[in-house]
Amino acid sequence: MTDIPLDWYLWLSAALFCIGVYGVLARKNAVAILMGVELMLNAVIVNLVAFWRYLTPTGSAGMVWALVVLAVAAAEAAVGLALIISIYRRRQSVVAEEVNMMKF
Amino acid sequence: MQLDLQTLTWLIPVPPLLAFFLIVLFTNRSKGLSHTVALLAIFASLALSWTVLFSVIVWPAFGKQVIASAVPWFPVGIAGLTETTAFQMGVLVDPLTAVMLFFVPLTCAMIFLYSVGYQNWGKPRDPRDVPGKPPHYGIEPLYSRFFAYLSLFAFGMLLLCVADNLLLLFIGWEIMGLCSYLLIGFWFAREYDDPKKITPRQAAVKAFMTTRIADVIMLLGVAYLYWETGTLNFREIFYAQDGALLKLLAETPSFVGGLAAAHLIGILLLVGTIGKSAQFPLHTWLPDAMEGPTPVSAMIHAAAMVSAGVYAMIRVFPLFDVPAALGGAGEHAARALGLAAEAAAGHGLSPAGATMATVGAFTALFAATIAVAQNDVKKVLAYSTVSQLGFMLAALGIGGYIAATFHLMTHAFFKALLFLGSGSIIHGVEHGLHHSHEKIDPQDMRFMGGLRTKMPITFWTFVIGGMALAGLPFVTAGFWSKDEILLDAWTHAPVVFYTLAAAALLTAFYTTRQILMVFFGRPRTEAAAHAHESHWTMTVPLVVLSVLAVTAGWLNIPSDFPVFGALAQSLGGDFFFKNIVGKSLLEKPEAIPFHPIPLATSIAVALGGIALGWLVYRNAYAKADSPDPLARLGGLYRWLQNKYYIDEFYDSAFVQPTLALARNVFPFIDRGIIDGLLHLIGRVSLGLGEIIKDYFDVPLVNRTLSDGSGELVKGAGRELRVIQTGRVQQYLVISMAIIMVVGAYVFLMAVR
């Protein structure tokens with residue numbers, strides 16, 4: 001098999017990350033923002049696995065870190081969704097801009 | 001043994017000082033506890049003193065061997081310039097101190113005990129009583145304070161007795177000066193209707209000021225002595241190296257022409273005694289000191305302060321005794337000092353000794369004449385004290401070391417007895433006043449009479465004391481000591497002898513007058529009729545002292561005295577006192593051979609004075625306003641009654657000019673210069689402050705620093721709060737931008 005160069009994975013990862021950033025910054029729906037965050041985390045995982053495979057295939061740090069990020073992402077999604085549901089129950093809205101009670 | 005006695009000697013003055021602080025700090029509230037503390041302390045001192053006294057008195061070489069112990073006190077000299085040595089402070093018990101240790105704590109203890117009754121212990125507090133005024137009938141409001149002062153006084157006296165150097169002696173001396181001020185003015189709020197009558201407050205100030213004048217001059221003497229010898233220790237100056245320092249002092253000329261240093265120092269120290277022991281011309285404070293409570297009078301006039309003056313003179317007696325080694329110069333000075341000195345010069349007296357004899361003899365006669373015409377029961381005794389102290393100084397001046405010491409002791413006993421007795425009398429009459437409500441002075445003898453049957457213990461003890469003072473032959477202590485003085489005077493200085501004989505005659509006369517006026521005849525007022533005997537705490541000291549007023553005289557019966565000498569010799573007690581005390585000196589004084597003339601004179605003046613008093617005053621006072629028999633003397637009597645107008649003279653010669661000067665100087669110096677200066681300083685500071693405030697404080701500190709920083713923070717907050725939008729996405733944009741900038745920077749740095 002002809003090797004796919006490392007760059008490609010990095011480009012893929014960067015593209016994924018940018019889509020995630022865009023989603024977080026541009027979307028008004030809190031659920032969509034959360035999804036953007038998930039995309040950014042996945043970009044990181046792609047990055048980690050690519051670097052592990054190409055640079056240090058004998059170690060296991062890259063794999064382990066990828067798993068840690070997965071776990072964090074899951075926890076984050078759970079807490080984030082719980083918050084959003086809680087906000088929705090109180091204010092009947094999931095629009096992030098409307099959650100402004102802490103503003104001066 | 002030696003070490004133990006030294007420690008005990010150090011401890012002698014301590015208990016009263018402790019008592020003073022205990023009373024002042026802790027037991028002030030409880031009157032009973034206060035007098036218990038004071039009494040325990042003085043009896044502890046008495047026990048210590050007598051332990052030391054009876055241990056040393058049996059030493060065969062007592063005198064050569066003494067208790068002496070000293071510790072370094074403070075360094076003297078200028079470091080780097082002169083040699084520095086430690087000034088030694090210590091205690092000394094030589095035979096002279098031993099005598100003091102015999103009678104001082106004993107009389108003090110008796111006075112303490114007496115004060116319990118005198119200040120109305122056991123009676124309830126009278127609501128009318130005010131602190132600072134004599135109580136009406138109840139217990140003294142400042143009871144605890146009184147015992148605190150008495151304790152401090154006793155401390156001063158005991159310190160003075162055991163001191164081994166002049167400086168420590170002087171400290172004790174000054175402590176007593178302070179205490180006498182506090183105690184004379186004890187009833188400080190007392191006022192009299194008669195504005196001419198001196199109040200306790202004024203009397204206290206007068207006593208303090210008068211003795212202070214004398215003390216300054218005495219301190220000069222102390223300083224001069226130190227300058228010449230480099231030490232103030234009695235033993236070193238007068239005893240060590242066969243009196244080498246004393247010889248040096250006698251040979252050194254002083255800066256006053258013709259006087260040896262020893263004699264000038266002696267005269268300077270003598271001035272201190274003239275003040276403290278109330279000799280002419282500084283005697284005026286002592287009669288006025290009678291304004292204090294009577295135990296105080298006894299303390300000042302018998303046990304402590306005035307004795308201290310004579311004691312100091314006896315201490316430095318060798319200064320007066322060394323012959324002038326400067327040839328004719330000293331003799332010349334002696335001639336300049338008047339009659340007694342001139343007579344004395346022929347007998348080889350030093351000019352200083354002659355001065356002392358002159359002052360003493362003159363005062364003895366002078367004060368005795370005043371005492372004759374006084375009506376206040378305590379004033380008579382006060383002048384009699386002045387007179388008796390004159391006797392002692394006269395005796396000392398002519399070289400009668402033993403006679404003076406002996407009279408000092410016997411006088412302490414019988415004069416303390418007389419004062420305490422007079423206090424008892426006054427107490428009795430005051431008690432009578434509660435029944436009669438008369439407006440009379442309870443101290444005035446004209447309002448007494450007939451107290452013999454009302455107050456029997458006081459009567460008998462007072463008579464014993466009075467007879468001792470008068471010198472009733474053979475039985476009383478006063479006779480033996482006075483006889484000794486007259487014998488000395490007869491042998492050394494006839495002029496002094498005649499003067500003292502006349503004084504002794506007057507003494508017997510006024511004592512008889514006093515006893516007759518107080519105790520005999522019929523009560524002349526209702527108050528006297530209702531007088532009654534005092535509390536036992538007052539009569540017990542009277543009895544103890546009256547025993548001593550008789551027996552103390554037997555301590556020094558001359559061996560060659562007819563009948564009694566042989567009797568004393570057979571008991572082994574002839575010259576007991578002289579043999580002990582004489583050892584204080586390097587050369588033991590010679591016993592003066594017996595002479596019949598002074599003895600005959602002594603008996604004649606005593607009996608003559610008593611008889612004369614009896615004849616004149618037997619029936620003189622039928623009523624309180626009867627004229628005094630001596631009023632027939634006319635102008636002379638008035639002079640005597642007004643004490644030769646010396647107080648008035650001092651008032652117009654010193655007090656009024658001083659006041660006038662003050663009044664004239666006050667507007668100019670005080671108001672003008674001193675106040676002006678002060679106001680100027682005040683104004684300048686105020687102006688300076690105003691300027692600093694306007695140009696530094698307000699603009700810089702207030703506006704810029706404190707207000708400025710506050711405003712800065714507030715403004716920054718106002719400006720910066722707009723970026724707190726509360727929108728998460730905005731924050732994210734900002735953080736992204738920052739990350740990109742930082743990332744670009746890091747990337748560029750890495751590339752380069």
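Start at B:Q388, which sits in helix α18 (residues 377-397) of chain B. Keep in mind that this is a predicted model. Is B:Q388 buried or exposed? It has 31 C-beta neighbours inside 10 Å, and 20 or more count as buried, so B:Q388 is buried. Show its contacts next: beyond neighbours within four places in sequence, B:Q388 touches B:H411 and B:K415. B:S709 is 321 residues from B:Q388 in sequence, and their C-alpha atoms are 86 Å apart.

Now select the largest nonpolar core. It holds 234 residues, and B:M157, B:A416 and B:L500 have the most contacts inside it. Helix α19 (residues 401-436) of chain B contributes the most, with 19 residues. Centre on B:A416. Outside four places in sequence, its contacts are B:T107, B:M110, B:I111, B:A298, B:A302, B:A303 and B:L545. Then jump to chain A: a second, separate core of 5 residues includes A:A30, A:I33, A:L34 and A:A96.

Last stop: a helix pair. Select α21 (residues 456-470) and α25 (residues 536-551), both of chain B. How do they pack? Their axes come within 9 Å and cross at roughly 30 degrees. Angles under 35 degrees count as roughly parallel, so α21(B) and α25(B) are roughly parallel to each other. The crossing of α21(B) past α25(B) is left-handed. On the α21(B) side, pick B:I457, B:T458, B:T461, B:I464, B:G465 and B:A468; they meet B:T539, B:L542, B:V543, B:S546, B:A549 and B:V550 of α25(B). Colour this contact by residue type: 7 are nonpolar, 5 polar and none charged.

Technical notes
Residues are numbered from 1 along each chain as its sequence is written. Chains are lettered from A and ligands numbered from 1 in the order in which they are written. This is a predicted model: local features need pLDDT of at least 70, side-chain atom pairs count only at pLDDT 80 or more; totals for chains, interfaces and linings use all residues. Helices (H or I, at least four residues) and strands (E, at least two) are DSSP runs, numbered from the N terminus. A residue is buried if 20 or more other C-beta atoms lie within 10 Å of its own, exposed if 12 or fewer, and partly exposed in between; C-beta atoms are placed from the backbone. Two residues are in contact if their C-beta atoms, placed from the backbone, lie within 7 Å. Axes are lines fitted to C-alpha atoms, for helices over the stretch in contact, and angles run from 0 to 180 degrees between N-to-C directions. Angles under 35 degrees count as roughly parallel, over 145 as roughly antiparallel, 65 to 115 as roughly perpendicular and the rest as oblique. A crossing is left-handed if the near helix is turned anticlockwise from the far one by less than a right angle, and right-handed if clockwise. Ala, Val, Leu, Ile, Met, Phe, Trp, Tyr, Cys and Pro count as nonpolar, Asp, Glu, Lys and Arg as charged, and the others, Gly among them, as polar. A nonpolar core is a set of buried Ala, Val, Leu, Ile, Met, Phe, Trp, Tyr and Cys residues joined through C-beta atoms within 7 Å.
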